[in-house]
Amino acid sequence: MNQQDVLDIFRSCDALLEGHFILSSGLRSPVFLQKAKVFMHADKSEILCKALAEKIRAEGFGDVSQIVSPAVGGIIPGYETSRHLGVPAIFTERVNGEFELRRGFHVEKGEKVIVVEDIVSTGLSIRECVKCLQDLGADVVAAACLVDRSDGEADVGVPLVALTGYKVPAYPADQLPPELQNIPAVKPGSRGLQ
């Protein structure tokens, strides 16, 4: 799949939004990828995640025993990608601000895993998930995502396999361009919600 194919799926689900958005990183952007509207559709999710699994294999990271995703956004793409790689999928959750494995999930020391996320902007969630897994002794061989909004600029701490890059501007709240300054900001993501 190329960038246009991926974005066409988002458009077909009314999930490529334009306006003034507060990203989970706290940055502001005129574009938001509302992946939850894509994940409502199993057929669309399957297309994207099957392509991601193929790209993970093609880049040499398919020999893993588990996929681990940061909750909440990474759960569905992690699960669906794991189906196409033929391995189990588990996820980390924030407990007192730190990612942990809960619900009986575990990784073995030296176990080769890959972290799968939905959208990468700054890479913070992946870095935190990778740290959690490395602290538990896992060998995190890479991370993967459906869309890399940084288009290769985000440092996730391990190699990153992105189904596509899609560089969209993002700004600190105190450095908004004039076209965003007069539009009310909306926070459609889940991080920080109680």
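In this predicted model, strand β3 (residues 66-70) runs parallel to β6, and three bridges join the two. Gln-66 is the residue that stands opposite Val-113 in β6. Strand β6 also pairs with β7 (residues 139-148): here eight bridges join the strands, and again they run parallel. Val-113 turns up in this pairing too, with Val-140 as its bridge partner in β7. Between them, β6, α5 and β7 make up a β-α-β unit, and that unit is right-handed.

How enclosed is β6 by the rest of the structure? Largely so, because eight of its nine residues are buried. As for its surroundings, leaving aside residues up to four places away in sequence, Val-120 touches Ile-126, Cys-145, Val-147, Asp-148, Arg-149, Ser-150 and Ala-154.

Val-120 also comes up in the annotation. The unreviewed UniProt entry marks a "binding site" that covers Glu-117, Asp-118, Ile-119, Val-120, Ser-121, Thr-122, Gly-123, Leu-124 and Ser-125. Leu-124, another of the residues in that annotation, sits in helix α5 (residues 124-135). Is Leu-124 buried, or partly exposed? With a relative accessible area of 30%, Leu-124 is partly exposed, because that label applies between the 20% and 50% cut-offs.

Definitions and conventions. Residues numbered from 1 in each chain as written. Predicted model: local features only at pLDDT ≥ 70, side-chain atom pairs only at ≥ 80, totals over all residues. Heavy atoms only, no water. UniProt positions renumbered as here; feature names shortened; annotations may be inferred. Contact = heavy atoms within 4.5 Å. Helix = DSSP H or I, 4+ residues; strand = E, 2+ residues; numbered from the N terminus. Buried < 20%, exposed > 50% of the residue type's maximum accessible area, 1.4 Å probe, protein only. Pairing = 2+ DSSP bridges. Right-handed = clockwise from strand over helix to strand, strands pointing away.
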